[in-house]
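Please keep the sequence and the three-dimensional view at hand while reading.

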Amino acid sequence: FSDDALTRAMDPFFTTKGGEGSGFGLAMVFDQASLAGGTARIANRAEGGARVTLRLPLRPVTDAPPAETRLVLLVEDSPEIRTYVRETLVALGHQVIEAETAADAEALMQIPEISFVLSDIQLRGDDTGLDLLHRIRAQRSDLAVGLMTSLPPADPLHQLARDSFRVLANPFVPADLATFVRNCTLAIPRAAQ
């Protein structure tokens with residue numbers, strides 16, 4: 001891949017084939033991998049040629065589907081934490097869309113199928129997860145939302161978040177996350193009460 005192709009290969013309509021290609025091939029691969037909770041990456045190999053790497057979550061076969069599958073918008077600026085939470089949510093049977101910042105998350109809120117938003121309290125940029133959820137709740141009061149954080153319970157931001165939303169302490173195990181999602185989605189939003 002040329003440097004331009006490495007940067008833009010996953011963009012819709014980008015093609016190096018002139019008028020012959022639509023530019024949807026790798027963009028569709030990227031979208032499907034992302035919707036499945038995975039990733040798609042491209043790179044040039046040192047020994048020549050290129051490599052497209054797909055990373056898809058393992059979904060064990062079960063007799064019964066989860067009680068309720070949700071499309072979750074996960075907002076977390078740490079790639080390591082985002083990967084762990086995404087993989088845990090997918091293992092619980094949910095689909096996940098990811099955002100790193102509050103601005104990215106708000107752009108994705110145009111997707112009407114999103115039924116749960118899980119955000120870290122501390123995000124890169126000027127807005128916190130608390131700011132984000134207040135704005136989302138103002139637009140979609142029926143949407144289930146929750147916050148997660150590694151801040152100690154005595155931290156003022158953690159305390160402020162608990163006044164408005166459910167908060168999951170991080171680190172957590174999959175069972176904690178499953179219970180948290182269930183409790184958030186069953187609860188009547190405080191802002192709508």
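In strand β4, Ala99 is the bridge partner of Val75. The two strands β3 and β4 pair in the parallel sense over five bridges. The model is predicted, and the points below are grouped by topic.

**The sheet as a whole**

- Five strands form an open sheet in the order β4-β3-β5-β6-β7, with parallel pairing.
- The edges are taken by β4 (95-99) and β7; each has a single partner strand, so one side of each is left without a neighbour in the sheet.
- From one strand to the next, the twist averages 25 degrees.

**Strand β5 and its neighbours**

- Strand β5 covers residues 114-120, and six of its seven residues are buried, so the strand is largely enclosed by the rest of the structure.
- Strand β3 (residues 71-75) pairs with β5 in the parallel sense, over five bridges.
- Within β5, Phe116 stands opposite Val72.
- Strand β6 (residues 144-149) runs parallel to β5 and is joined to β5 by five bridges.
- Phe116 also has a bridge partner in β6, namely Ala144.
- Between β5 and β6 the chain passes through helix α5 (residues 129-139), and this β-α-β crossover is right-handed.
- As a general rule, side chains in a regular strand alternate between the two faces of the sheet.

**Helix α3 against the sheet**

- Helix α3 lies across β3, β4, β5 and β6.
- Relative to β4, helix α3 runs at about 160 degrees.

**The aromatic pair**

- The structure holds one aromatic pair.
- Its rings belong to Tyr84 and Phe172; their centres are 6.0 Å apart and their planes stand at 45 degrees, so the pair is tilted. The angle lies between the cut-offs, because planes under 30 degrees apart count as stacked and those over 60 as edge-to-face.
- Which of the terms buried, partly exposed or exposed applies to Tyr84? With a relative accessible area of 34%, Tyr84 is partly exposed, since residues count as buried under 20% and as exposed over 50%.
- Phe172, at 5% relative accessibility, counts as buried.

How values were computed
Residues numbered from 1 in each chain as written. Predicted model: local features only at pLDDT ≥ 70, side-chain atom pairs only at ≥ 80, totals over all residues. Heavy atoms only, no water. Phe/Tyr/Trp six-rings, centres within 6.5 Å; stacked < 30°, edge-to-face > 60°. Buried < 20%, exposed > 50% of the residue type's maximum accessible area, 1.4 Å probe, protein only. Helix = DSSP H or I, 4+ residues; strand = E, 2+ residues; numbered from the N terminus. Pairing = 2+ DSSP bridges. Right-handed = clockwise from strand over helix to strand, strands pointing away. Axes fitted to C-alpha atoms, helices over the stretch in contact; angles between N-to-C directions. Contact = heavy atoms within 4.5 Å.
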